[in-house]
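Here's a quick briefing to read with the model open. Have the sequence and the 3D view side by side.

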Amino acid sequence: MSLVLRRLAPLVSLCAVLLGGCFSGAQQFVCDSGRTQCGDLCLDLSSDPRNCGTCGKACAAGSVCAAGQCVADCPTTLTDCDGACVDVTQDRAHCGACGTACDAGQICESSSCVLSCQDGLTNCDESCRDLKSDEKNCGACGATCGDGSRCVNGACTATCATGTTSCTASGGVKYCANLNIDGNNCGACGNVCGAGQTCINHACQVTCSSGFAACPASPATATYCANLTTDANNCNACGNKCPAGQQCSGSACKCTTAKPDLCGTGASAFCTNKSSDPGNCGACGTSCDSGEVCLNGTCTTSCTSGYTQCPDAPATPTYCAKTGTDDENCGACGNVCPQGQSCASGSCVCPDATPNLCGTGAAAFCTAFASDVNHCGDCDTVCNSGEQCVAGHCTTTCGTDYTACPLDAPTYCAKTTADANNCGACGNACPSGQACVNSTCQCPSTTPDLCTNPGDSSTFCTATGNDPNNCGTCGNACDPGELCISGQCKTSCASGFTACPTAAPTYCANLDSDANNCGSCNGKCPSGQTCNGSGTCACPAATPDLCTVGANTFCTAKQTDTQNCGTCGNVCSNGQQCVSGACKCPASKPDLCGSGSATYCTSKTADASNCGACGTTCSAGQMCTATGCAASCPTGYSACPATGVSNYCAKLTNDVNNCGACGTVCKTGQSCTGASGTCTCPSGQTLVGSGAGAHCADTTTAPNNCGSSGNVCAGGQSCVNSTCQSVFTSCKEILAANPSAASGNYTIRRPLTSGGTGSLAVYCEMSADGGGYTYYPISGGLSTCAYTDNNSCKALGMGLDMVMPRTKAHWLSMFNKYGAGYFATVPGVYRSTGSGAYTSCIMRDPASYGSGCSDWRVGDGGKWWIRDSTHTEPNGDYTANCWLGITVAGYTITATTIGSGQGFNDASCNECTTSYICSLNDK
């Protein structure tokens, strides 16, 4: 790093600490041509001695990296620069000599740094000039127009072109200027705009990208750009500074998540947390007595399990803290996480968006080495002016699908289709809680409903199905003591759900499967874990193993993770793969040589530097064969490389590094097959991507290449049968996110009782009873005769059960879709005790319909319906918990009965079925 940049680094660090990072960038990237993605960096594998040929392969001490191979010396045409063999005649980082880097905008040509001018400009004495309009270089470098003449279209003329004005420079030289846009002649000859200003319509102004405003508000004094929706110093208007402790969200000053409650008024207003503040416990001004602590808004003498009394001096505790997740008491009372970090498992960690930590102590801050121009690839590595940081590499161009932002002074690359800070355009930040999907800010699936705060124009995302302050519709608050259940205010939770939080319940949670309330209210599972259906946090099936390495606890798969292979923290050596929990070299390079950090994979039958044994080097002119060093290759093998000095033998019909010809390397996932050697993907897969990033993928399921190469599914979507589809947990959730969704086949994704999540193709009924019914037909499944029997719906382990018929419209929708074959019995409806005649009772739920059979029910205790009039059954031979049989085939539903004739029958528990409809029964 240059001395200037090193001196700037403290200022850059200060900027990041005070403003949460002066710049933000996209987390995804595309590497420049000639570079390969290794982790979150783009590297040149042809010359990098730490990543030579493949990511992570380091050359041994004393060797160098040339053309992706570790060799003893660089070829005569290349120069050894700290172990990397580079062409100093054209390498910008080593131009003419090692370490001689070209400035921004320059290229290395014939060992010299020269200016690289954009199209339409010409390099004249190391300055880019427009030969069509430059009076000192008119038509050619050095061709100066005489006094009084102008350069128009590369020729000296006596008059200025339309739209330009004749100006006179110092020394009397005349020239033409566009006073409308010329920053050196803005509005008048010689009027130069200040730093950061642009000439627009004859006036010098600060120009800001979309979503930002020029501040201060007066154009004449504006000096910077501010995001009025999120800038705490300019919230909703330039200079409107939020009070201490508040943040700007949705153009309004608000309290933070850690201290969400506002107490006091005017200048005395302050933010606190009524659930834990002993001076404002449950309500502003309500103080706990001496010796008491504030727990969930109630003064008490002790903390419940999972909480710690703080401060930790025994005589002075005043509140309860969950030290595993509390940012202000992380791991111990009073241990405050530095700005930008959060508390996870009792340790302060950086978030996924900015995962890298720089600085120490109070000056520590989180950033993203992959995109931060002030910390590109490492702390304090500052990109040159005009460069962006892409994948930890300073570059002058952004990859495909990325935009250089901000537009007026680019410093980073953003994917505007998915970046919540640059959604649709640079600087267009989504409101708090929203995500960027296909260039549009949207609420996530967990809180799909957009509401507006009363009194201002700010918006927020919520779930009106369970939000007691916005129950069913925005602004509809439940009364004290009521819960919001399925968009309705109620006084109690349904069977299987618990009212949460414990001290002051406002919603219902399934403690068996809710990752935010797993095992107990507020029992939130650590990041990456799910609630396994039994009230226990566990890693998902894809990454089933829980590891703790240093301060980080995370889920992984020890069977395949090269950083945690077999056991947590066991890192495979360079080039090795993790196979069934053991570090192994790939088939193309099966042998392990070297020791310690210099261990690497090679092939003792092809590596001239390790031929037959590690460290055995073939003599000049010899090749490495299966039997050792030899002067020629055996039958069926070819001497490689094809040009220069051959030093190994390759079988061109099956060698993925020399397929069909020496040096032809197959792409990731391909194998070399056929009589002539052809790189092919496995059956069912297609080659996607380009250059070094090309690889094999199943385009029917790959979300980054769905249906075709490069077709990336938006956030929250999955690739199903080559089509990007939004995946939710139920049809009801799909309808809430898209009220115009039509009935049809959809894919839902739900927690499995065995751990992890599973996907299921279901039919969504989007019209009956307002829509949102989930159907999954079972044909030839487990036989079921009673509610107490197991069935194939439950066996799926995704929370399904036999459908519980709610209304006549519900019955009709199922009959019309699936026909009589799935209704040998009346599904879901039963009585927990036997016998009894019900011929004078209407078979429906009396709580929902005003009259009916109160002794009968469905499994969740909710609404049910069979008919709207009495019937000749059940007539007395009923057995407890059994299904009612439907005895007439080809039936239909009318206003008064199911089918015709007898209808249904209790039949002493002899009515069984193997074909039925499964449902989530969440309506």
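Strands here are DSSP E runs of at least two residues and helices are H or I runs of at least four, numbered from the N terminus; two strands pair if DSSP finds at least two bridges between them.

Some ground rules: this is a predicted model, where local features need pLDDT of at least 70 and side-chain atom pairs count only at pLDDT 80 or more, while totals for chains, interfaces and linings use all residues. Residues are numbered from 1 along each chain as its sequence is written, and side-chain values use heavy atoms, with hydrogens and water left out.

**More on the sheet**

- Strand 68 and strand 69 are joined by 2 bridges in the antiparallel sense.
- Facing Phe904 of strand 69 is Ile886.

**Nonpolar cores**

- The largest nonpolar core has 50 residues, and Val826, Met843, Trp856, Trp864, Ile866 and Leu884 touch the most other members.
- Elements that each supply at least two residues of this core include helix 2 (731–737), helix 4 (808–818), strand 62 (757–765), strand 67 (856–858) and strand 68 (884–886).
- A second, separate core has 5 residues, among them Tyr507, Ala509, Leu511 and Cys521.
- For the terms: a nonpolar core is a set of buried Ala, Val, Leu, Ile, Met, Phe, Trp, Tyr and Cys residues joined through side-chain atoms within 4.5 Å. Buried means under 20% relative accessible area, exposed means over 50%, and partly exposed is in between (1.4 Å probe, protein chains only).
- As background, nonpolar side chains in soluble globular proteins tend to be buried together.
- Beyond residues up to four places away in sequence, Trp864 touches a list of residues that includes Pro805, Arg806, Met843, Arg844, Trp856 and Val858. Contact means heavy atoms within 4.5 Å.

**Disulfides**

- A search of the whole structure turns up 35 disulfides, counted as pairs of cysteine sulfur atoms within 2.5 Å.
- Cys167 sits in strand 13 (residues 165–168) and Cys189 in the loop between strand 14 (174–177) and strand 15 (197–200), so the bond ties together parts 22 residues apart in sequence. Cys167 is buried at 1% relative accessible area, whereas Cys189 is partly exposed at 39%.
- Cys350 and Cys366 have their sulfur atoms 2.2 Å apart, and a torsion of about -85° makes this disulfide left-handed. Cys350 is in the loop between strand 28 (347–349) and strand 29 (356–358), and Cys366 is in strand 30 (residues 365–367), so the parts they tie together are 16 residues apart in sequence. Cys350 is buried at 17% relative accessibility, and Cys366 is buried at 11%.
- Cys793 is joined to Cys918, S to S 1.9 Å; the torsion is about -85°, so this disulfide is left-handed. With Cys793 in helix 3 (residues 792–795) and Cys918 in strand 70, the pair ties together parts 125 residues apart in sequence. Both Cys793 and Cys918 are buried.

**Salt bridges**

- How many salt bridges does the structure hold? There are 2, where a salt bridge is a side-chain nitrogen of Lys or Arg within 4 Å of a carboxyl oxygen of Asp or Glu.
- Asp860 and Arg806 meet at 2.7 Å, N to O. Asp860 is in the loop between strand 67 and strand 68 and Arg806 in the loop between strand 64 (801–802) and helix 4, so the pair ties together parts 54 residues apart in sequence. Asp860 is partly exposed at 25% relative accessible area, while Arg806 is buried at 4%.
- Arg844 pairs with Asp868, their closest N and O atoms 2.8 Å apart. Arg844 is buried at 12% relative accessible area, and Asp868 is partly exposed at 30%.

**A buried threonine**

- Thr464 lies in the loop between strand 38 (459–462) and strand 39 (483–485), and is buried at 12% relative accessible area.
- Leaving aside neighbours within four places in sequence, the contacts of Thr464 include Asp449, Cys451, Cys471, Cys474 and Cys484.
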